[in-house]
Amino acid sequence: MDEASNVPRLAFVINLSIAEGTETSTARIQHLIHLFQGHRLPATWLVSGTKCARLLVSQRTTSSIATELALAVDGRWSDVDTPPSAFRRELTDRCAAVSIAADRAIKLVAGDPQTLRMRTALLAEQGISGILSTNQPEASSSRPLSCGLWQLALSQQIPRVRRFPKWFTNRRISAKQLFAASAVGETTLVAVDSAALGNSSARCLRAFEKLLNEVSWAASRDQLVVTTAGAVVAELARQHAVKPQRSILRVAA
C-alpha cells in the first residue's frame, strides 16, 4: 500500500455463506462471480462451507485477478461459551475442508469481533491473520490484535439495510460515495450480501451492475485501487512489523 498515494482504495467482501442452498441461489452466485470476473475486479468471498468454495473454483478462469476466500465463523460452534477444544476442532475441520475444496489456504475469518478477539490464539494456530467484523457497518477502521492478527471493519453495505419506511429507501450507494469514503486514508471495505441482493428488485440489481462498471472504469484509469481484505491485512502487518534496531556501537565503528 503506497502511503504517499491519494488514490481511493476499495475492497469488496461478498457474503455467500447464507446463500448456500437452492439452485436459485447457486445461479445468483454464479452471476456475481461472472460480474466481478467480467469487470476484472478482485474480491474476498465469504463462505461457511465447501459448497460455495467448490462453486467458486468451478467458475474460476485463467485470469490473474485476485480471488480469496474468508471463512464465516457462525453457528452454535462459534458461541462464546463453546469450550476452546471444541472450537479448535471445528475450526480446524472447516478450514481444512474449505482449503481443499478451494485449493487455497484460509487466512481470513468473519464473525462477531468480540467473540473472535477472545480466540486469537486458536485462530493464529490455523494461520488466520485477519478478522472481518460482521456487525453493522461502521466507520472504516483497522486495529491490531494479539497473536499478530488484525481486525477490519466493513464500512459500507450493499444492499443498504432499511432503517426507515419504504419511501425513504430509494437512495443507493453510488461509485462517487464509495470514492469519497475511501479518500480518508484507509481502504473502504464494502460488504455485499448476496442473498439480500438476489432478493432485491431488478432495479437494485441493475444499480449494482452499474456500480461495478463505474468502479472498474475508474480502476482502469488509475483513479481507484481495488484490492482484497487479505491484501489489506498483509500490508498492515508489514507496516507494523518490528524492525531490528541498529547498534550504536556498530554505527560508531
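What you are looking at is a predicted model, in which local features need pLDDT of at least 70 and side-chain atom pairs count only at pLDDT 80 or more, while totals for chains, interfaces and linings use all residues. Residues are numbered from 1 along each chain as its sequence is written, and side-chain values use heavy atoms, with hydrogens and water left out.

Of the 253 residues in the protein chain, 43% are buried (buried means under 20% relative accessible area, exposed over 50%, and partly exposed in between, with a 1.4 Å probe and protein chains only). Among the contacts in the protein chain with a separation of 6 or more, 67% link residues 24 or more positions apart (contact means heavy atoms within 4.5 Å).

Next, select strand β1, residues 9-15, where seven of the seven residues are buried. Arg 9, Ala 11, Val 13 and Asn 15 point one way from β1, whereas Leu 10, Phe 12 and Ile 14 point the other way.

Which strands pair with β1 in the parallel sense? Strand β10, residues 225-227, runs parallel to β1 and is joined to it by three bridges, with Arg 9 standing opposite Val 225 (two strands pair if DSSP finds at least two bridges between them). Strand β9, residues 188-193, is also parallel to β1 and is joined to it by six bridges; here the bridge partner of Ala 11 is Leu 189. Strand β2, residues 43-47, pairs with β1 in the parallel sense over three bridges, and in this pair Asn 15 has Leu 46 as its bridge partner.

Stay with β2, which is largely enclosed by the rest of the structure because five of its five residues are buried. Ala 43, Trp 45 and Val 47 point one way from β2, while Thr 44 and Leu 46 point the other way. Five bridges then join β2 to the parallel strand β3, residues 67-72, where Leu 71 is the bridge partner of Val 47.

Move on to helix α2, residues 50-58, and select Cys 52, Ala 53, Leu 55 and Leu 56, which are buried. These residues cover an arc of only 160° around the axis, so they lie on the same side of α2 (the arc is that of the directions from the helix axis to the C-beta atoms).

Now show the side chains of the largest nonpolar core, which has 49 residues, and in which Phe 12, Ile 14, Phe 36, Trp 45, Leu 123 and Phe 208 touch the most other members (such a core is a set of buried Ala, Val, Leu, Ile, Met, Phe, Trp, Tyr and Cys residues joined through side-chain atoms within 4.5 Å). A second, separate core of 17 residues includes Ala 11, Leu 108, Leu 189 and Leu 236.

Finally, select Ser 216 in helix α8, residues 202-220. Is Ser 216 buried or exposed? Ser 216 counts as buried because its relative accessibility is 18%, and, leaving aside neighbours within four places in sequence, Ser 216 is in contact with His 39 and Leu 41.

Definitions and conventions. Helix = DSSP H or I, 4+ residues; strand = E, 2+ residues; numbered from the N terminus.
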